[in-house]
Amino acid sequence: MKQKNSFSGQIGFVFAAAGSAVGVGNLWRFPYLAAKDGGGLFLIIYLALVLTVGFVLLTTDIAIGRKTGKSAIYAYESMRKKWKFLGVITFLVPVLIMTYYAVIGGWILRYIVIYLTSSGKQAVADDCFTAFISSPSSVWYGLIFMLLTALIVYNGVEEGIERVSKFIMPVLLIMVIGIAIFSLTLKTTLDDGTVRTGLQGLKVYMKPDLTGITVGRFLQITLDAMSQLFFSLSVSMGIMITYGSYVKKDVDLNKAVSQIEIMDTGVAFLAGVMIIPAVFVFSGLDGMSAGPGLMFVSLPKVFYSMGTVGRVIGILFFVLAGFAALTSCISVLESITANCMELFHTERKKTTRVLSVIYLIATAVIALGYSIFYVEVALPNGSTGQLLDIMDYISNSFMMPFISLLSAILIGWIMKPSWIAKEMELNGEKFKRKKLYNVMMRYIMPVIMVILFLQSTGVLNL
Ligand code: PFF
């Protein structure tokens with residue numbers, strides 16, 4: 001068997017894992033939820049969850065990976081033979097996500113091209129985005145993004161993933177901070193003479209809004225924050241298990257987990273500082289939508305209202321979004337590749353080549369889900385969607401809470417939390433939040449996961 005790949009050290013690992021965690025979710029979902037769910041109230045709840053639920057999930061995945069040295073399928077098998085099924089289900093999450101993540105990357109690529117080649121005026125038209133995705137030729141952008149991802153994974157853990165992440169993540173951080181500061185300096189005077197400033201927008205974002213708060217609404221906000229947290233930290237889908245398996249034994253996992261949490265949450269928070277004041281100043285908070293609607297419809301309007309500088313901000317914003325999507329997409333493909341290499345005993349380059357062909361086809365099919373293969377399906381959580389939304393629903397809303405529940409039972413009750421604690425204390429470090437970990441893993445996580453699962457399947461309606 002070939003020597004297993006690894007990250008060169010703590011920094012390489014943290015940047016790669018944070019690269020996976022920081023993705024479009026941070027940019028197009030976190031600010032939307034914050035605006036919708038009471039501003040500062042959402043921020044406080046989210047932060048509390050990051051330090052408890054997020055910490056437990058991230059620690060578990062990374063420690064499982066490093067301890068077993070394997071990707072999901074064999075990692076779970078090596079813990080308990082009968083639990084291999086959980087590895088297989090976990091492996092299926094990235095398998096599904098990969099079918100559509102490059103499609104989203106392709107959309108971002110298209111907008112980079114728009115801003116590089118024109119003033120961005122065309123992006124202001126209401127149907128610009130829908131016209132683009134419903135044209136079959138949009139497929140090309142997704143395919144290019146997919147190829148780029150495959151090329152990086154093809155080059156291996158240290159030479160490909162780590163190298164790219166170590167470049168992208170610092171640049172991305174500087175860009176988010178820069179645009180966030182710019183956003184705070186914005187100012188406009190409305191027709192009726194009212195002045196709106198970026199700082200007022202910041203206040204709207206950060207001030208806890210308790211109007212109309214009831215127990216039901218509080219729970220709803222908590223659940224929103226929880227499902228955002230799962231997606232945002234890339235946990236319970238085997239990705240962090242794979243990345244964990246590449247971490248050398250002398251790395252302090254306690255520190256690494258905290259650093260990943262800080263980067264992911266920091267970028268999500270700053271994305272809010274970047275987006276909410278800008279939207280507030282130029283279109284009022286009615287302009288805050290989620291997902292593609294925010295990124296590809298509302299924001300281009302905001303950029304256009306800024307005048308010439310808006311084009312520069314447009315380019316910067318979409319390049320930043322492209323970076324965020326790329327490091328996430330890499331981690332999804334890497335996790336599939338690593339599982340396949342262990343499963344079929346094949347080497348990296350050959351595995352990546354085969355997977356590239358499969359996923360180029362899948363990317364094309366999902367991208368064509370808005371034109372040639374158009375379907376509209378009602379999902380159990382009450383929304384409707386096309387092929388991309390179906391894949392997203394199955395992998396995120398449906399499978400992730402289910403996997404976390406089973407993993408909490410396996411670690412909390414069968415392997416016991418001390419199994420994880422040993423790995424966290426491998427080099428004589430202290431596993432500082434050990435008690436919290438034990439209680440969360442055994443008692444609280446199972447309950448939370450059942451609630452989340454019932455909510456996403458539409459059984460529980462808050
Ligand atoms: N964590 C990424 C985000 O917040 O956008 C998204 C993501 C990456 C989800 C990788 C799933 C994944 F496998």
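Predicted model: local features only at pLDDT ≥ 70, side-chain atom pairs only at ≥ 80, totals over all residues.
**Entry: helix 3**

I started with helix 3, residues 40–68. I counted 29 residues in helix 3. From first C-alpha to last, helix 3 reaches 40 Å, close to the 42 Å expected at 1.5 Å a residue. I then looked for a bend. Helix 3 bends by about 40° at V50. Next I checked what follows helix 3, and found G69. The phi of G69 is positive, near 70°.

**Entry: helices 14 and 15**

I moved to helix 14 (residues 308–344) and helix 15 (residues 348–367). Their axes come within 10 Å and cross at roughly 120°. The two helices are therefore oblique to each other. I noted a right-handed crossing for helix 14 passing helix 15. I listed the contact residues. Helix 14 brings L333, I336, T337, C340 and M341. Helix 15 meets them with R348, T351, T352 and L355. I sorted this contact into five nonpolar residues, three polar and one charged.

**Entry: helices 16 and 18**

Which way does helix 18 run against helix 16, roughly parallel or roughly antiparallel? Helix 16 covers residues 387–415, and helix 18 covers residues 434–456. I found an angle of about 160°, with the axes 9 Å apart. Angles over 145 degrees count as roughly antiparallel, so helix 16 and helix 18 are roughly antiparallel. The crossing of helix 16 past helix 18 is left-handed. The contact divides into 15 nonpolar residues, four polar and one charged.

Terms used. Residues numbered from 1 in each chain as written. Helix = DSSP H or I, 4+ residues; strand = E, 2+ residues; numbered from the N terminus. Expected span 1.5 Å × (residues − 1). Bend = angle between axes of the 7 residues up to and from the residue. Axes fitted to C-alpha atoms, helices over the stretch in contact; angles between N-to-C directions. Parallel < 35°, antiparallel > 145°, perpendicular 65-115°, else oblique. Left-handed = near helix turned anticlockwise from the far one by under 90°. Contact = placed C-beta atoms within 7 Å. Nonpolar A, V, L, I, M, F, W, Y, C, P; charged D, E, K, R; others polar.
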